[in-house]
Structure formats: C-alpha cells, structure tokens
Amino acid sequence: MPKYLLLKHYRGAPASVNDVPMDQWTPEEISAHVQYMRDFAARIEGTGEFVDSQALAPGGTFVRFDGEGRPPVTDGPFAETKDVIAGWMVIDVDSYERAVELAGELSAAPGAGGKPIHEWLELRPFMGAHPTVTE
C-alpha cells in the first residue's frame, strides 16, 4: 500500500476557513483539537492505515556540515520549517483517493469556538509510492 505524509502548516498554506491562530485558542479549544487528532489516529489505526504522527514544537535549528567536527547552527535568511510545519501524520492506504478522503476528514479538526478549521493539509506520497488518480 502506498504511504503518504500529511503535513499541517502553521503558515504558508492557503488560509483555513476558521483561521484563528492556535496561540489565540483557549486551553479547552486546544484540548478538543488534540483529542480530535488522537481519536482520528486511533480510528485509522484500527483499519491498519495509521503509521505515525507527531506535533512539532515551535523551536528548531538548521544544522549543516561545515568541516571536521564543526556543525554551525544557523537560522538562515529563509523561511524555516519551524515557522511553517506544525505537525505531520503518515498514513498507509490502498489508494490516492483514500489518502485524499482521510486528509479531508483530518482538516475538519476543531479550532477556535469549537468550529472545524477546514485547514489545508499538504498530502505528499513517499518516494516509490506511485499514486493512481481515478477520475
């Protein structure tokens, strides 16, 4: 079965329907959002489609090799993943269509006011997974 990566973005994706930033949510709204994600993962784990997921902390550092034993640390003059990617989920599904279906469902996680976010999720196939789109 092909594997897909679902990426949740802090910014950089088109605006969500419920576009209130998470840092403006109440603790209850954050808890409801996280619980939705956990329930979703548990449900697709039961169907064998869940591989893994993680939320990412806002902080991070780019590191590169710059000679023997000297990995410099830089925040660079470019958009950083810590500013863009909020978290991810890996799914293992029968088809591209099923991946799209699950991504659409996941995008409805609740946000501010308990209303669905309807956020845009980036759906990316793993290398070697050749999605077949039926029309």
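Glutamate 49 and arginine 98 join their side chains in a salt bridge, 2.8 Å from N to O. The two residues sit in distant parts of the chain, 49 residues apart. Glutamate 49 belongs to the loop between helix H1 (27-46) and strand E2 (50-55). Arginine 98 is in helix H3. The model behind these values is predicted.

Are these two partners buried or exposed? Glutamate 49 has 9% relative accessibility and counts as buried. Arginine 98 has a relative accessible area of 19%. Buried means under 20%, so arginine 98 is buried as well. The pairing also extends to another residue: Glu49, Arg98 and Glu101 form a network of salt bridges.

## Glutamate 119 and lysine 8

Side chains of opposite charge can pair when their charged atoms come close. In the salt bridge between glutamate 119 and lysine 8, the closest N and O atoms are 2.2 Å apart. Glutamate 119 lies in the loop between helix H3 (96-106) and strand E6 (121-125). Lysine 8 lies in strand E1 (residues 3-9). The pair therefore ties together parts that are 111 residues apart in sequence.

Glutamate 119 counts as buried, at 10% relative accessibility. Lysine 8 is also buried, at 12%.

## Glutamate 122 and arginine 124

Which residue does glutamate 122 meet in a salt bridge? Its partner is arginine 124, with an N to O distance of 3.4 Å. Glutamate 122 is partly exposed, with a relative accessible area of 27%. Arginine 124 is partly exposed too, at 45% relative accessibility.

How many salt bridges does a search of the whole structure find? The count is five.

## The nonpolar core

The largest nonpolar core has 15 residues. Which of them touch the most other members? They are Met89, Ile91 and Leu106. Several elements give two or more residues to this core: E1, H1, strand E5 (85-92) and H3.

Leucine 106 has contacts well beyond its sequence neighbours. With those within four places in sequence set aside, leucine 106 is in contact with Leu6, Tyr36, Met37, Phe40, Met89 and Leu121.

Some elements take part in both kinds of interaction. Strand E1 holds lysine 8, the partner of glutamate 119, and E1 gives two or more residues to the core. Helix H3 holds arginine 98, and H3 likewise gives two or more residues to the core.

Definitions and conventions:
Residues are numbered from 1 along each chain as its sequence is written. This is a predicted model: local features need pLDDT of at least 70, side-chain atom pairs count only at pLDDT 80 or more; totals for chains, interfaces and linings use all residues. Side-chain values use heavy atoms; hydrogens and water are left out. A salt bridge is a side-chain nitrogen of Lys or Arg within 4 Å of a carboxyl oxygen of Asp or Glu. Helices (H or I, at least four residues) and strands (E, at least two) are DSSP runs, numbered from the N terminus. Buried means under 20% relative accessible area, exposed over 50%, partly exposed in between (1.4 Å probe, protein chains only). A nonpolar core is a set of buried Ala, Val, Leu, Ile, Met, Phe, Trp, Tyr and Cys residues joined through side-chain atoms within 4.5 Å. Contact means heavy atoms within 4.5 Å.
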